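User: Could you walk me through this model before I set anything up? I'd like to go piece by piece.

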Amino acid sequence: MKVLKSLSEFGRIRKGCVLTIGNFDGVHVGHREILRTARALAADHSAEMVVMTFEPHPVAILHPEKAPGVLTPLPLKLDLLGEYADNCVIVLQDNRKLLELSPEDFVDQFLVAGFAPRFIVEGHDFHFGSGRAGDIETLIRLGREKGFEVVVVEPRQMTLPMGETIRVSSTVIRYMVESGHVGDAAVALSRPYRLLGPIVSGRGRGRELGFPTLNMAVPNQVIPAEGVYAGFVEIADDPESLPSRTERCSAVFSIGQIRTFEEKHPLLIEAHVLDERLGDVTGRWMVMEFVQHLRHQHKFGSPEDLAAQIARDCDQARTALEQFVEGEAP
């Protein structure tokens with residue numbers, strides 16, 4: 001897969017491609033429907049499929065104070081997009097001039113001049129151009145004028161445990177994760193939510209209790225609500241090589257502030273790996289996959305009470321993860 005980050009590289013793309021544009025944060029089930037549609041069109045017309053995404057989110061460039069939290073940092077996003085974009089992903093990086101073009105100039109000076117697409121595939125809520133002034137109807141009109149066809153993909157819906165049906169979006173998934181509803185987020189994403197970050201030295205409290213942990217530096221991502229979770233850990237030497245790894249270690253995650261031992265309460269992100277001996281992995285990177293919320297955080301009366309609860313958490317996590325793996329099996 002080609003990953004193009006410079007305007008000078010865009011000449012490598014064949015004219016008449018099938019193009020889809022978006023931030024694709026989360027690469028959720030709605031995004032995947034767009035990507036599948038684009039890939040099928042490319043196959044039917046023997047065209048190159050091109051995915052264009054942004055790093056960082058355009059709002060983070062134009063209005064940093066309004067920037068949404070990140071669900072998928074770039075290494076994870078590229079890995080997920082690569083499942084569909086067999087040929088090419090374009091990463092537009094911090095290009096204010098491009099973002100400030102009018103919708104007409106964006107299409108004429110950038111899309112048509114740079115790619116001459118045959119098809120552009122987007123969701124119904126697509127916006128583009130300065131101030132998000134262009135919408136999907138604008139794109140359809142300009143397509144008729146400039147010689148490309150716009151294919152509109154309808155949004156995906158999901159039903160929550162309480163019976164409410166909602167439209168899947170990155171905004172909704174951010175709320176699910178921030179409120180600890182990682183099971184709902186996994187349905188909307190079609191996979192568990194993942195945190196990516198470097199492993200750092202901890203304070204050794206878990207080891208003293210008999211449950212050593214891997215500690216993650218607080219990442220620039222949406223962080224699940226404070227609590228204890230069942231999930232999986234993957235470890236690699238650098239973030240770029242993590243997505244391609246398939247080995248997963250079962251784990252219990254703790255996200256929260258230190259209340260049992262200390263008066264000051266820094267946020268800690270910890271993973272106790274179940275039934276594995278990993279040795280010293282400080283300085284490496286890990287991904288944490290959140291499968292199920294187990295319980296909320298609270299202060300314990302003694303270290304012994306905390307250790308007893310962690311043991312119960314481990315048993316509950318093993319059961320939950322065994323059921324999850326059985327559900328994954330074909």
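**A buried histidine and what follows**

Analyst: Let me begin with His28, which counts as buried because its relative accessibility is 5%, under the 20% limit for that class. Please keep in mind throughout that this is a predicted model.

User: Where is His28 found?

Analyst: His28 is found in the loop between strand 2 (18–21) and helix 1 (29–44).

User: And which residues does His28 touch, not counting residues up to four places away in sequence?

Analyst: Those residues are Val168, Ser169, Ser170, Ile173, Ala188 and Leu189.

User: Changing topic, in what order do the six strands of the open sheet come?

Analyst: The order is 1-4-3-2-5-6, with parallel pairing, and the six strands form an open sheet. Strand 1 (2–4) and strand 6 (149–153) are the edge strands, each pairing on one side only, and from one strand to the next the twist averages 25°.

User: How many bridges join strand 2 to strand 5?

Analyst: Two bridges join strand 2 to strand 5 (residues 119–123), and these strands run parallel; Val18 stands opposite Phe119 of strand 5.

User: What lies across strand 5 and strand 6?

Analyst: That is helix 6 (residues 136–146), which runs at about 155° to strand 6.

User: Now helix 3, is it mostly covered or mostly open?

Analyst: Helix 3 (residues 74–81) is mostly covered, with six of its eight residues buried, namely Leu74, Leu76, Lys77, Leu78, Leu80 and Leu81. The elements covering these buried residues include strand 1, helix 1, strand 3 (49–55), strand 4 (88–93), strand 9 and strand 14.

User: You mention strand 14; which strands pair with it in the antiparallel sense?

Analyst: Strand 9 (residues 193–200) pairs with strand 14 in the antiparallel sense over six bridges, and Tyr193 has Phe290 as its bridge partner there. Strand 11 (residues 227–236) also runs antiparallel to strand 14, joined to it by nine bridges, with Met286 as the bridge partner of Ile235. Strand 14 itself (residues 285–295) is mostly covered, since eight of its 11 residues are buried.

User: Which residues touch the most other members of the largest nonpolar core?

Analyst: In that core of 35 residues, Met286, Met288 and Phe290 touch the most other members. At least two residues of this core come from each of helix 7 (170–178), helix 8 (182–189), strand 9, strand 10 (214–216), strand 11, strand 12 (249–257), strand 13 (267–273) and strand 14. Leaving aside neighbours within four places in sequence, Phe290 is in contact with residues including Val182, Leu195, Tyr229, Phe253 and Ile255.

User: What does the second, separate core include?

Analyst: That core has 30 residues, among them Met52, Ile120, Leu142 and Val150. As general background, nonpolar side chains in soluble globular proteins tend to be buried together.

User: Last one, is Phe324 buried or partly exposed?

Analyst: Phe324 counts as partly exposed because its relative accessible area is 22%, which falls between the limits of 20% and 50%. Phe324 lies in helix 10 (residues 303–328) and, not counting residues up to four places away in sequence, touches Pro192, Phe232, Arg248 and Val291. Phe324 and Glu226 are 98 residues apart in sequence, with their C-alpha atoms 22 Å apart in space.

Methods
Residues numbered from 1 in each chain as written. Predicted model: local features only at pLDDT ≥ 70, side-chain atom pairs only at ≥ 80, totals over all residues. Heavy atoms only, no water. Helix = DSSP H or I, 4+ residues; strand = E, 2+ residues; numbered from the N terminus. Buried < 20%, exposed > 50% of the residue type's maximum accessible area, 1.4 Å probe, protein only. Contact = heavy atoms within 4.5 Å. Pairing = 2+ DSSP bridges. Axes fitted to C-alpha atoms, helices over the stretch in contact; angles between N-to-C directions. Core = buried A, V, L, I, M, F, W, Y, C linked by side-chain atoms within 4.5 Å.
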